[in-house]
Amino acid sequence: EQTSQRRFALDANTFRGRINLALDYMKDNFPEAEIVLLTPIHRNYASTTAGGELPDESFGNPRGLHIEDYVDVVKEAGGVWSVPVIDLHAECGLFPSKDVHMRYFKNAKTDRLHPNPEGHRRMAEVIKYRILAMPSTYRK
């Protein structure tokens, strides 16, 4: 009995397809490169310089997808392409929905999306220690 063949999603109009296209290119053109994927961090309200607003992560996008859906696709890509994933969403501790975490973000009233220098330091520490835990070939 023949089973169906699994195919990579390579549709440039989707997030999954764009990640696969990028990793396909990287694997073909830089076979010795050590590739590491990072998940997006938690997000909350932000007003844009163009006068728009980005809602907090409890709201889905126009397709009905939430930030966790994108996190899952990044993790899936790591498994599909055999590259490590540093899950900043789960590991860096930044949680802009809590007022006490505003010391890590740009502005409590207008920008709970972009980390400030202290927030970036926390992210960098997670990335540093996760990379240090990887095989030495990742640090050539």
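# Side-chain pairs in a predicted model

Student: How many aromatic pairs does the structure hold?

Tutor: The structure holds two aromatic pairs. Rings of Phe, Tyr and Trp (its six-membered ring) pair if their centres lie within 6.5 Å; planes under 30 degrees apart are stacked, over 60 edge-to-face, and the rest tilted. Phe15 and Tyr70 form an edge-to-face pair, 5.0 Å centre to centre, with 70 degrees between the planes.

Student: Where do Phe15 and Tyr70 lie?

Tutor: Phe15 lies in helix 1 and Tyr70 in helix 2 (residues 67-81), so the pair ties together parts 55 residues apart in sequence. Helices (H or I, at least four residues) and strands (E, at least two) are DSSP runs, numbered from the N terminus.

Student: And what about Tyr25 and Phe30?

Tutor: Tyr25 and Phe30 form an edge-to-face aromatic pair, with 6.2 Å centre to centre and 65 degrees between the planes. Phe30 counts as partly exposed, at 39% relative accessibility. Buried means under 20% relative accessible area, exposed over 50%, and partly exposed in between (1.4 Å probe, protein chains only).

Student: Quick check on the model. What are the ground rules?

Tutor: This is a predicted model: local features need pLDDT of at least 70, side-chain atom pairs count only at pLDDT 80 or more, and totals for chains, interfaces and linings use all residues. Residues are numbered from 1 along each chain as its sequence is written, and side-chain values use heavy atoms, leaving out hydrogens and water.

Student: New topic. Is Asn20 buried or exposed?

Tutor: Asn20 counts as buried, at 6% relative accessibility. Asn20 lies in helix 1 (residues 15-29).

Student: What does its side chain make a polar contact with?

Tutor: The side chain of Asn20 makes a polar contact with the side chain of Trp81, at 2.7 Å. A polar contact is a pair of N or O atoms within 3.5 Å; within protein, one must be able to donate a hydrogen and the other to accept it, and residues adjacent in sequence count only if both atoms are side-chain atoms.

Student: Which residues does Asn20 touch?

Tutor: Leaving out residues up to four places away in sequence, Asn20 touches Ala9, Leu10 and Trp81. Contact means heavy atoms within 4.5 Å.

Student: Where is Asp56?

Tutor: Asp56 is in the loop between strand 3 (53-54) and helix 2. Asp56 is partly exposed, with a relative accessible area of 23%. A polar contact of 2.4 Å joins the side chains of Asp56 and Ser58. Asp56 and Asn44 are 12 residues apart in sequence, yet 3.7 Å apart in space, C-alpha to C-alpha.

Student: Now salt bridges. How many?

Tutor: The count comes to six salt bridges. A salt bridge is a side-chain nitrogen of Lys or Arg within 4 Å of a carboxyl oxygen of Asp or Glu. One of them joins Glu91 and Arg130, with the closest N and O atoms 3.0 Å apart. Glu91 lies in helix 3 (residues 88-91) and Arg130 in helix 4 (residues 117-132), so the pair ties together parts 39 residues apart in sequence.

Student: What about Arg112 and Asp99?

Tutor: Their side chains meet in a salt bridge, 2.5 Å from N to O. Arg112 is in strand 6 (residues 111-115) and Asp99 in the loop between helix 3 and strand 5 (105-107), 13 residues apart. Arg112 counts as buried, at 12% relative accessibility, whereas Asp99 counts as exposed, at 57%.
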